[in-house]
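Q: Could you walk me through reading a few features of this structure?
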Amino acid sequence: MDQCASLLMTGLGYAGAAAQKSRLASASAEDWRCVLDLARRQNVSAFLYHRLQATGVLPPAAVRDELKKDYLILSMRNARLYSALSGVLELLHRLRIDVIALKGVYLAQVVYGNVGIRSMNDIDLLVKKEDLPRVEKALTESGAVPDNPNRVITEETHHFGYKLPGSGIRVEIHWTLLSVKGMENDIAGLWKRSQPAVIAGVSARTLSPEDLLLHLCAHTAAHTYALHVRMLCDIGELLRHEAAGLHWEDIARRAGAWGVRRAVYLVLRLTGDLLDAAIPAEPLAALRPGDDAESYLHELREHIFAGDEVKIHMGKSAGVARLWSRERPGILLKFLRDRLFLPRKTMSLMYPAPADSWRIFLYYPVRFRDVLKRHGKTAWRTASGDRQAQSAAAQTNRMTELKDWLLSG
């Protein structure tokens, strides 16, 4: 971690104000400009402004003005989002449809305690699977436009997206949290343990603090390619907000049952190491897996500050990169199956033909064209011996291995 990243983490972290001031006192104007740029790339510039205000640390005026501007812009943007959220929750509340507010819309209001300091791209809500038809009807009749031409549940899907009328804000309706079997098998438990709350002025529900922590850690692991500091700030703020109220025995037991123990341990370690977040040593030790944890922790620390172009490339090229792994023949067949010869239900999510219609078969050549357009250039460069492309493929494969390890036990 270089000087710029270290300064950012100090400004965001949970060390005492005196320790933060001491660490940041020697930062130059150039250092602060670097911190500002990095904070923006990591989606935490508004939160950094809030943290510096709270601890009394004063960066140079030019940087402070830029941070304040980011905070004001985000506050206005999130005010629009919460207005749209209120309308959706009111609509579902009138229909007596139970809703759990997920991730940002709950975290910003309740955990952060300030809707202007946590960036959000969309609205995430959890409903019961049996309520999906009524939710679909309510949203589409109100003018919301679905992301997909058909909404069918497959093994790969766990939410449907809609763009709200007027605002254009996107809402994701989930019926499970992640494509992790342990979580999917405990969905009834999630609802039973959920708690009442008022979100955007409307009665709703939230995950229990323990389930929320597990979800945030697993979600961070599932998005390893796109790992950002904001994800760790969510966890740090939850730990601060709940303080001594978390039941760590339940967290450890559920992490094992869900198959996310590795993810929970490494994400908590990363949050504690980088943000000085207070994590009880004994419960953390109880979560520790027996293999490869330290080497993977080092890789996560390095990857979190990688450039956005690297992360975006990894997310797009993970399947192609595996074609050049040591198990290439088997991986090639898997790639063709997973990316080209998709099940009809999955195809119907992407193309305007029902899964049970003969017309869906007409879209398989279109699917081949789309995959070639998306991955053809990268595949050709890698296959033709381009060292840069092959190095990127090797790096992507290593992060894929890390991600798979995190979510496999």
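A: Helices here are DSSP runs of H or I with at least four residues, numbered from the N terminus. Arg254, for instance, lies in helix H12, residues 248–258. This is a predicted model, where local features need pLDDT of at least 70 and side-chain atom pairs pLDDT 80 or more, while totals for chains, interfaces and linings use all residues. Residues are numbered from 1 along each chain as its sequence is written, and side-chain values use heavy atoms, leaving out hydrogens and water.

Q: Is Arg254 buried or exposed?
A: Buried means under 20% relative accessible area, exposed over 50%, and partly exposed in between (1.4 Å probe, protein chains only). Arg254 has 12% relative accessibility, so it counts as buried.

Q: Which residues is Arg254 in contact with, leaving aside neighbours within four places in sequence?
A: Contact means heavy atoms within 4.5 Å. Arg254 touches Asp186, Arg193, Ser208, Glu210, Asp211 and Leu214.

Q: What about Phe361: where is it found?
A: Phe361 is in the loop between helix H18 (344–350) and helix H19 (364–383). It counts as partly exposed because its relative accessibility is 47%.

Methods: Helices (H or I, at least four residues) and strands (E, at least two) are DSSP runs, numbered from the N terminus.
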